[in-house]
Amino acid sequence: MGDADFRVVAEGLVDAARALNALSDLVPGRFIEGLSLARTGHDRLQTVLGDFTARWQEGVDALAADSRATAVSLKTAAENYVHMDLETAAMFLSLKVSDTP
């Protein structure tokens, strides 16, 4: 392939979407819950730890949601590429020899 060539491997996009979904399914609430249950023995430190884990959980949940959205976009892109490839192939196959210059 030359420098100007562009190639899409639809299976790779679908595999990436599946991997993102699998990863985001593992994340929500599981890691942070354990940290938020820790007891420090100090009221102020306990409050700070609670605030930290709540913000951390929000961030982790947002990243998981972004991963799911990216997975949907990757899958949609793969489906669009496959659809266009099939349409283009059908168009070329429908050409008659007399239609070509």
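How many salt bridges does a search of the whole structure find? I opened my notebook with that one, keeping in mind that this is a predicted model. The search of the whole structure turned up two salt bridges.

**Entry 1: helix α1**

I began with R18 and D15, whose side chains meet in a salt bridge at 3.5 Å, N to O. Both residues sit in helix α1, which covers residues 10-26. They are three residues apart, about one turn of the helix. I then looked up how open each one is. R18 has a relative accessible area of 56%, so I wrote it down as exposed, the cut-off being over 50%. D15 comes out at 45%, so I noted D15 as partly exposed.

**Entry 2: helix α3**

Next I turned to K75 and E79, which form the other pair I looked up. Their closest N and O atoms are 2.9 Å apart, and the two form a salt bridge. Both belong to helix α3, four residues apart, again about one turn of the helix. K75 is partly exposed, with a relative accessible area of 43%. E79 also counts as partly exposed, at 43% relative accessibility. A reminder to myself: side chains of opposite charge can pair when their charged atoms come close.

**Entry 3: a nonpolar patch**

Which residues form a nonpolar patch on the surface? I found L35, F52 and W56, with about 260 Å² of accessible area together. F52 lies in helix α3, which runs over residues 43-94. Its relative accessible area is 36%, so F52 goes down as partly exposed.

Notes
Residues are numbered from 1 along each chain as its sequence is written. This is a predicted model: local features need pLDDT of at least 70, side-chain atom pairs count only at pLDDT 80 or more; totals for chains, interfaces and linings use all residues. Side-chain values use heavy atoms; hydrogens and water are left out. Patches are made of residues with over 30% relative accessible area and no salt bridge: like charges are joined within 9 Å, nonpolar side chains (Val, Leu, Ile, Met, Phe, Trp, Tyr) within 5 Å. Accessible areas come from the Shrake-Rupley method with a 1.4 Å probe; for residues, only the protein chains shown count as cover. A salt bridge is a side-chain nitrogen of Lys or Arg within 4 Å of a carboxyl oxygen of Asp or Glu. Helices (H or I, at least four residues) and strands (E, at least two) are DSSP runs, numbered from the N terminus. Buried means under 20% relative accessible area, exposed over 50%, partly exposed in between (1.4 Å probe, protein chains only).
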